[in-house]
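Work through the exercises below with the sequence and the coordinates at hand. Each task is followed by a solution in steps.

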2 protein chains.
Amino acid sequence: MTDDPERVVSSEEVPSASDADGTTADVARLEAERDEYLNHYRRVAAEFDNYKKRIARDQQATVQRATERIVAGLLPVLDDLERAVTAFEEHDKEHVQEGVELVHRALTTLLQKEGLTEIDPLGEPFDPHQHEALLQQPSEAPEGSVIQVLQKGFRLGEHVLRPARVIVAAPAE
Amino acid sequence: MTDDPERVVSSEEVPSASDADGTTADVARLEAERDEYLNHYRRVAAEFDNYKKRIARDQQATVQRATERIVAGLLPVLDDLERAVTAFEEHDKEHVQEGVELVHRALTTLLQKEGLTEIDPLGEPFDPHQHEALLQQPSEAPEGSVIQVLQKGFRLGEHVLRPARVIVAAPAE
């Protein structure tokens, strides 16, 4: 869509400064060139404006599509969860338990497909970028290692969505 | 960022055709104008190119942000669901039931905030844009009305994510 600026200024089309010898032909040619560049400029500026407007609309549609994809994936989870709630009235504990475990697996699978991974750092060295230390406790484990995970953390791709909340081994007494 | 094309072509700057009287001064002025327009053109073309590249990167980041927002909202639902699964081993049925109902409410609330609404058309006229008829059955209800909802449907905003699966009243015998 956009003209290539390099093409417009090819050496054949653009005269050198020494052409400025003041003939009527030169003036007519320069006017034509000047008007051509002005037209190029106006056209690309108008295209740019239209493009920006279109992008603003697209951006909304993109967010909408991403939301729809995930929400549509959650509908079976919602169905199964509703079924589990009803099942408490009609079935025994073991039967309902199966249903709830199924919902848990379905939601876990869906979130893994979106790129979710667990941060479960038991025994690893404490890492402030991925862990939040709630307590230090004396321990036989190496100083600064995670000795208990109180709440698992989660990463989406590379990004830490929620740090793991942990207890860290204190220095030996 | 983009120059206004209207400003560039103001009547003071652009000479009329009658100026083409072939003086050296005219030629020098025309060359300056031509070069100025060419520079404008090249600059806006380069800006346009950069903008397009930036937009391609932004688009990905936008999808990522939308995904992160929803997934982050689902983490407490996942936590509670995991807690409910564990609770089956340790608590009585009533206690677990409360937990599962809580998860169901939390997920429903989250999805409603994303714009999800139920399609539950019991008693309404059948609408092929929102309902899927699985059966027709003789009924005392008006012909073509929905007499049973086998599976609720869902809309996200205006868009039907899943039609309600229904049984429709057949014509009277």
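**Exercise 1.** Determine how helix 2 of chain A packs against helix 3 of chain B in this predicted model.

Solution. Step one is the geometry: the axes of helix 2 (residues 24-90) of chain A and helix 3 (residues 93-113) of chain B lie 10 Å apart, at an angle of about 155 degrees. Angles over 145 degrees count as roughly antiparallel, so helix 2 of chain A is roughly antiparallel to helix 3 of chain B. Step two is the handedness: the crossing of helix 2 of chain A with helix 3 of chain B is left-handed. Step three is the list of residues. Helix 2 of chain A contributes residues including Val71(A), Leu74(A), Leu78(A), Leu81(A), Val85(A) and Phe88(A). Among those they meet in helix 3 of chain B are Val96(B), Val100(B), His104(B), Leu107(B) and Leu111(B). Sorted by class, this contact of helix 2 of chain A with helix 3 of chain B has 13 nonpolar, 3 polar and 4 charged residues.

**Exercise 2.** Describe the packing of helix 3 of chain A with helix 2 of chain B.

Solution. Begin with the angle, about 155 degrees, and the distance between axes, 10 Å, for helix 3 (residues 93-113) of chain A and helix 2 of chain B. The two helices are therefore roughly antiparallel to each other. Next, helix 3 of chain A and helix 2 of chain B cross in a left-handed sense. The residues in contact include Lys93(A), Gln97(A), Glu101(A) and Thr108(A) of helix 3 of chain A, and Val77(B), Glu82(B), Ala84(B) and Glu89(B) of helix 2 of chain B. The contact of helix 3 of chain A with helix 2 of chain B divides into 13 nonpolar, 3 polar and 4 charged residues.

**Exercise 3.** Are helix 2 of chain A and helix 2 of chain B roughly parallel or roughly antiparallel?

Solution. The angle between helix 2 of chain A and helix 2 of chain B is about 5 degrees, and their axes are 7 Å apart. That makes the pair roughly parallel. Their contact has 32 nonpolar, 8 polar and 16 charged residues.

**Exercise 4.** Check the length of helix 2 of chain B, and locate its kink.

Solution. At 1.5 Å a residue, the 67 residues of helix 2 (residues 24-90) of chain B should span 99 Å. The end C-alpha atoms of this helix are 99 Å apart, which agrees. The kink, of about 30 degrees, is at Leu75(B), shortly before the proline Pro76(B).

Methods. Residues numbered from 1 in each chain as written. Chains lettered and ligands numbered in written order. Predicted model: local features only at pLDDT ≥ 70, side-chain atom pairs only at ≥ 80, totals over all residues. Heavy atoms only, no water. Helix = DSSP H or I, 4+ residues; strand = E, 2+ residues; numbered from the N terminus. Expected span 1.5 Å × (residues − 1). Bend = angle between axes of the 7 residues up to and from the residue. Axes fitted to C-alpha atoms, helices over the stretch in contact; angles between N-to-C directions. Parallel < 35°, antiparallel > 145°, perpendicular 65-115°, else oblique. Left-handed = near helix turned anticlockwise from the far one by under 90°. Contact = heavy atoms within 4.5 Å. Nonpolar A, V, L, I, M, F, W, Y, C, P; charged D, E, K, R; others polar.
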